[in-house]
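Grab a pencil and have a look at the model below. Each exercise comes with a solution you can check yourself against.

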Amino acid sequence: MRDHSQAGITPQRAGLRAIPGGVWALGLVSLCMDLSSELIHGLLPVYLVAVLGTSMTTVGMIEGVAEATAAITKVFSGALSDWMGRRKILVLTGYGLAALTKPVFALATSVGWLVAARFVDRIGKGIRGAPRDALIADLSPPELRGASFGLRQALDTVGAFLGPLAAMGLMWWTANDIPTVFWIAVIPAALAVLVLLLGVRDPDPVRAHAPVRAPLSRAELARLGAPYWWLVAIATLYTLARFSEAFLILKAQASGLGLALVPAVLVVMNVAYAAAAYPAGALSDRGDRSAVLMTGLVLLLAADLVLAGSDSLWVIAGGVALWGIHMGFTQGVLASMVADVAPAELRGTAFGMLNLTTGVALLLASVLAGALWDLAGAVATFSTGAALTVAAMLALQLARGRIRPR
């Protein structure tokens with residue numbers, strides 16, 4: 001490998017240039033779709049509570065069911081991509097379905113319609129999720145795997161903070177006409193599908209892995225290995241501590257943030273997330289990924305304690321920023337660790353099974369967070385998150401010697 005330091009090129013800059021074009025394109029697709037989604041999701045919790053009169057528990061159930069739906073779908077789409085030996089067709093189907101459902105949010109006049117739209121949108125996410133992550137792993141050199149996942153996560157998150165920024169501007173421009181903002185969200189979703197169609201291809205058939213006849217059979221699941229299942233257990237426990245970001249929005253609103261400025265919560269979180277994701281991924285390529293993941297858990301603990309302990313909007317902004325940085329240090333790194341320990345021909349199944357277990361955990365976490373909020377307030381919700389984060393930290397420390405790349 002070339003010594004980039006002698007050539008005057010920093011490792012991070014060299015890594016960015018070396019990342020395959022298909023990974024960059026997948027990142028741009030994620031950016032566009034997240035811009036569309038966050039235009040909607042930045043306003044949806046408040047729309048449900050303030051306009052349609054739903055309870056906090058209902059918000060938690062909607063968010064949890066939506067994400068659990070995506071997670072369950074990922075199992076089958078990931079396994080199907082292993083069976084086919086190809087990923088792009090499923091990624092395109094998932095993004096296309098999500099794009100087609102965006103107009104429903106603008107047309108909805110009841111909670112039932114919004115739940116249905118959220119449900120179908122998440123099915124699209126589920127169809128694309130595991131095959132997309134497996135495709136990134138297939139396209140990425142092992143020495144740039146963390147950087148590749150970090151780049152995709154960073155571009156995804158750029159869309160996630162541009163979305164709320166656009167939502168704030170559009171709320172001002174439309175005089176708080178939320179359905180009109182939802183209509184505008186259709187445009188970047190369509191652009192995402194176009195970029196994916198033209199800019200991403202499966203790996204060369206000569207280098208692509210052979211299809212797996214029965215990816216979800218007991219024998220093939222056993223081939224994933226003990227390090228993978230340790231990682232799944234840790235990720236599931238961690239997810240119980242990381243409930244929906246809808247509760248960050250509701251915390252800020254309950255502390256006095258005005259309706260038009262509510263999307264600023266997601267702007268703060270996602271700016272921090274985007275800034276941390278690529279450096280954290282690149283750092284994990286040069287050292288111990290488990291140590292980077294542990295740093296992310298420490299940051300989540302700090303965020304929970306800050307959010308539980310204050311109603312000051314400035315302090316809450318700090319807690320939200322910590323939450324975003326913790327996401328940057330965990331999401332791409334976890335994906336890289338899965339790619340490290342899973343057989344190449346079973347990566348779709350590996351990502352799918354991980355997302356099934358973490359999706360169920362997110363459902364439980366979001367419902368629990370909403371119920372605790374209704375019963376005892378925000379302090380109980382974030383304090384419980386902190387306690388569960390400590391449990392995840394202990395589990396990771398116990399398992400660090402057991403999670404080794406193949």
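This is a predicted model: local features need pLDDT of at least 70, side-chain atom pairs count only at pLDDT 80 or more; totals for chains, interfaces and linings use all residues.

Residues are numbered from 1 along each chain as its sequence is written, and side-chain values use heavy atoms, with hydrogens and water left out.

**Exercise 1.** Work out how the span of helix 11 compares with the expected one, and find what covers its buried residues.

*Solution.* 
Step 1: Find the helix (a DSSP run of H or I, at least four residues, numbered from the N terminus). Helix 11 covers residues 226-241, which is 16 residues.
Step 2: Check the span. The expected value is 1.5 Å times one less than the number of residues.
Step 3: List what is buried (under 20% relative accessible area; exposed is over 50%, partly exposed in between, with a 1.4 Å probe and protein chains only). Among the buried residues of helix 11 are Tyr228, Leu231, Ile234 and Tyr238.
Step 4: Look for the cover, counting contacts (heavy atoms within 4.5 Å). It includes helix 14 (289-309), helix 16 (331-341) and helix 18 (378-399).

**Exercise 2.** Describe the salt bridge of Arg223 and say where its two residues lie.

*Solution.* 
Step 1: Recall the rule: a side-chain nitrogen of Lys or Arg within 4 Å of a carboxyl oxygen of Asp or Glu.
Step 2: Find the partner. Arg223 pairs with Glu220, and their closest N and O atoms are 2.7 Å apart.
Step 3: Arg223 counts as partly exposed because its relative accessibility is 35%, while Glu220 counts as buried because its value is 17%.

**Exercise 3.** Which distant parts of the chain does the pair Arg400 and Asp288 link?

*Solution.* 
Step 1: Confirm the pair. The side chains of Arg400 and Asp288 form a salt bridge at 2.8 Å, N to O.
Step 2: Locate both ends. Arg400 is in the segment after helix 18, and Asp288 is in the loop between helix 13 (264-285) and helix 14, 112 residues apart.
Step 3: Arg400 is partly exposed because its relative accessibility is 26%, and Asp288 is partly exposed because its value is 39%.
Step 4: Zoom out. A search of the whole structure turns up 15 salt bridges.
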